[in-house]
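This report describes selected parts of one protein model. Please keep the sequence and the 3D view at hand while reading.

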Amino acid sequence: MEPSTSAATCNRRKRKAIAPTAHEDAKRFKTEQESEELLECGHSSRSQRISVLPDRLHQPITLNELTELLHYAALGKTGGIKQPSWCRLQHQKKVEAVNVVIVEGLTQSHFYKHYLTLRHLRTSYTTRLTFTPSTDLASGIFSSEVPKSACPILFQRHNGSSELHKAIRSHPVITKFGTQRRGLTAYVLTQEEMIKKHFPVKGMPGFEEYVSTDSDDSVTDNSPLYGIDCEMVQTEKGYELARVSLVDSDGNCVLDDLVKPLNRIFNYLTRFSGITAEMLQPIRTTLRDVQVKLRKLLPSDAVLVGHSINNDLVALKLIHQHVIDTALLYRKEFGQKFKLKVLAETVLNRQIQIEENKGHNPTEDALAALELAQYFIKTGPRRVVELHMEELWGHTIVEKESTCSEPAPAPTPSPRFADVLQTFGRSVAFLGKRCDIALDLSHQQWHNSDKEVLASFRRRTKCPFFSVLQLSSLSDHLKRSYPHLEHQHQRVCAHLRDMCVVFAGPFPAAFSERDVRRLFCCCGPVQNIKMLNTTVRVHAEVEFELLEGAMLALKTLNGLEVQGQSIKVQRPVYESMLDLDLTLDTLTCDSLNTGHLYAVKLNPSGAESIQLSARVNGHTSDAKCSVKTANGLPSGKVNGQRPHLTTTTKSKLTEETVRETFGHFGTVERVVLLAKPGKRAKHAYIKFESSEGKHVALSSSEDLWKEKYLVCPSLTPPHLPSWVAVTMPITTVEPENEAAEDEERTHMHTSSQDQEMDLMMGKLDCRLQKLFRSLPEGTLSVVVLLGYTSAHGYLPGLCLMEVKQGS
């Protein structure tokens, strides 16, 4: 199907699904949870991404669940690992590397306290979950055990060792190269082999017009490898060169040129070459130009690597003395060859030559051939055969009962994650402070500062397949600056709670805490109310569980007349709150809140009532509303007009009623009802399939008021069941210090320590951004703010995840 046709079909399906039934929606979510290919219309089916299952959004993940994801990302189905139980990683085979950064000492609260400063972390990572603190996380990752049901080839090698030994002994790769791991010179073709396989060889008939590179008579195991690949078109003289790519031993592309054939082209072979007439029309580069470039680029001891590289050298009309052919490394019986695409997918876990690309990418093919050769040399022929026996050569090991004449079985392979990775030829690395890491010392680097850790990692010529970086500088700073971390955390929590606080009043003299709660719970769940009584008037401090509750209270209750007395609703005025509006605007635009809406269902009813009125556009109008359920209170303004309450019929807030009401604005993907156990829900989060549905709903607030709904953009991150969840203190303040703590909170200000901490957080964010940019495309990047554990309990951390995509 053509892409345009597919997109049109997708759009028609969307239009039909504007208001799905509850049954259809439940069925759709069940399919999403069970599917390993969660594809959405408008997203490329080839893009890698990670998504959390809806029922796991509000639950913190643990070390075991994190390692479950890392095992799957690194080993995947090839290693017999199943999708994680709590999330879905799409197109695992395209994962090029896995990078985990552990930031010690920081909690989830620190992230939101310094939310504006951490620009990279909040914008580059689209998956964010609460993390349960774990002691020695790095060691826990490397030491975690891969289940024996996974990696079947690894454990079959132990169970069927005698049969495997027989199979290996007669294997074409082993009969050619032996079982020992050797240097690259062992795999360079001899002149006799090149002549036999029809390679261009100096002095042989048919190659008189070929250009020869200036290569040494011999090479060493330290000689540089260069991957090469060419694309040809069909001319009246046969096949001629149209494009050539060369990559160095680090995988950097050093040449990628289109070439104008000398003769008239009959067939561009676009399906395979990717070359079109439009591409070659402006090109003036000739075959001679390319030969000159290659002679300059290739060192005298360079070893060229390619897949069926004899075809590339013929197209280039080039003679090079030292070559490695990956088609002859990964040998089949009777002279048959594997396709490069098959080897890349099986050995490198990478898909190349995808049909949608409309032709091969020679740079991609050259890199694949280079890495296949590097893997073969590093791993050794025996290990290559053992690891890929079934996938490539179709040989299944059957377990047999041992006999006395058979040799003793080999030791049981280690199920530790680090050992399994290395067994599969995956490079691993740990960088951080010296600590007890269950990893070979040759794969560890110890540094005293975060700056050194990140600089050392970025200096590497090639990114390790699996790496863990542990950053400790911030943790050391916190321990020095805040000897009592619990008290420092309480200050952070106090700042975050103040974002959910409004001051209201003056109220009538007889107004009680219960009356205030009834009045303000129409905007959202109320966490706490503190009455502020002076000698003349009554005010209240109202703390909501959600940021949205405070926002709605300011919009709907400010200026409301209660028993003939106008009340004012405002934010607390502290120095630390000066950037609050900017923080709220940024939270609204947070990628996690895209398409999310917060809604309150009003329910005016009850026997007791008070007279309420509000001045709107210079006019005063009245409405009767229950004191018992004051959440039926009308707002001061809705689109500049005074809405009227016309009914007192109770209406229950359910997922079905929400979908029915909001489905008119766009496809509702998910509804989360907010209610305490045993209580009826009055508030809900609504996630639309696209942000357009959210904006349409917000612009239709007057219509929604008629349905007795108040709405505002979502502010609370989806992984938090409520904002208070991130701000609950680890321990209570001792009685003798309560007054001091209250005074400190009342006069909250930005201290020099806070400013220093904000500066350090900015440096951390900048360093993590540089690290992220240095990672190869297709890397699963995980950043863990470790959290904090003490004798009094624990402070939750935060786990941020993203698969790096192309720019």
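This is a predicted model: local features need pLDDT of at least 70, side-chain atom pairs count only at pLDDT 80 or more; totals for chains, interfaces and linings use all residues.

Strand 15 runs parallel to strand 3, to which six bridges join it. Within this pairing, Val103 stands opposite Leu471 of strand 15. A parallel pairing also links strand 15 to strand 13 (residues 428-432), here through four bridges. Leu431 has Leu469 in strand 15 as its bridge partner.

## Nonpolar cores

The largest nonpolar core holds 84 residues, of which Leu70, Leu137, Ile324, Tyr330, Phe417, Phe466 and Val782 touch the most other members. Helix 17 (residues 362-379) gives the most to this core, contributing nine residues. Apart from this core lies another, of 77 residues, which includes Leu471, Met499, Leu552 and Leu798.

Which residues does Phe466 contact, leaving aside its neighbours within four places in sequence? The contacts of Phe466 are Leu70, Ala74, Val98, Ile141, Phe142, Phe417, Leu421, Ser427, Val428 and Ala429.

Strand 10 (residues 303-306) is covered on both faces. Val303 and Val305 lie on one side, Leu304 and Gly306 on the other, and all are buried.

Strand 10 pairs in the parallel sense with strand 6 (residues 225-235) over three bridges. The pairing of strand 10 with strand 12 (residues 323-325) is likewise parallel, over three bridges. Leu304 takes part in both pairings: it is the bridge partner of Tyr226, and Leu304 in turn has Val323 in strand 12 as bridge partner.

## An antiparallel sheet and its helices

Four strands form an open sheet in the order 25-26-22-27, with antiparallel pairing. Which strands stand at the edges of this sheet? Strand 25 (668-674) and strand 27 (709-713) do; each has a single partner strand, so one side of each is left without a neighbour in the sheet. From one strand to the next, the twist averages 25°. Strand 25 is joined to strand 26 (residues 683-688) by six bridges, and Val668 stands opposite Phe688 in strand 26.

Helix 24 (residues 547-556) packs on the sheet and touches strand 22 (596-601), strand 26 and strand 27. The direction of helix 24 makes about 115° with that of strand 27. Helix 27 (residues 691-698) lies across strand 22, strand 26 and strand 27, and runs at about 130° to strand 27.

## Helix 21 against helix 31

The axes of helix 21 (residues 473-481) and helix 31 (residues 752-774) come within 11 Å of each other and cross at roughly 175°. Angles over 145 degrees count as roughly antiparallel, and the two helices are therefore roughly antiparallel to each other.

From helix 21, Leu474, His477, Leu478 and Ser481 meet Gln753, Glu756, Met757, Met760, Met761 and Leu764 of helix 31. By class, this contact comprises six nonpolar, three polar and one charged residues.

## Two loop residues

Gln92 sits in the loop between strand 2 (87-89) and strand 3 (97-103). Is Gln92 buried or exposed? Gln92 has a relative accessible area of 6% and is therefore buried, the limit for this class being under 20%. Not counting residues up to four places away in sequence, Gln92 touches Tyr72, Ala73, Ala74, Leu75, Gly76, Lys77 and Asn349.

Thr62 is found in the loop between strand 1 (50-52) and helix 3 (63-75). With a relative accessible area of 31%, Thr62 is partly exposed. Thr62 touches Phe131 and Thr132, not counting residues up to four places away in sequence. Thr62 and Cys799 are 737 residues apart in sequence, and their C-alpha atoms are 9.9 Å apart in space.

Notes: Residues are numbered from 1 along each chain as its sequence is written. Side-chain values use heavy atoms; hydrogens and water are left out. Buried means under 20% relative accessible area, exposed over 50%, partly exposed in between (1.4 Å probe, protein chains only). Contact means heavy atoms within 4.5 Å. A nonpolar core is a set of buried Ala, Val, Leu, Ile, Met, Phe, Trp, Tyr and Cys residues joined through side-chain atoms within 4.5 Å. Two strands pair if DSSP finds at least two bridges between them. Axes are lines fitted to C-alpha atoms, for helices over the stretch in contact, and angles run from 0 to 180 degrees between N-to-C directions. Angles under 35 degrees count as roughly parallel, over 145 as roughly antiparallel, 65 to 115 as roughly perpendicular and the rest as oblique. Ala, Val, Leu, Ile, Met, Phe, Trp, Tyr, Cys and Pro count as nonpolar, Asp, Glu, Lys and Arg as charged, and the others, Gly among them, as polar.
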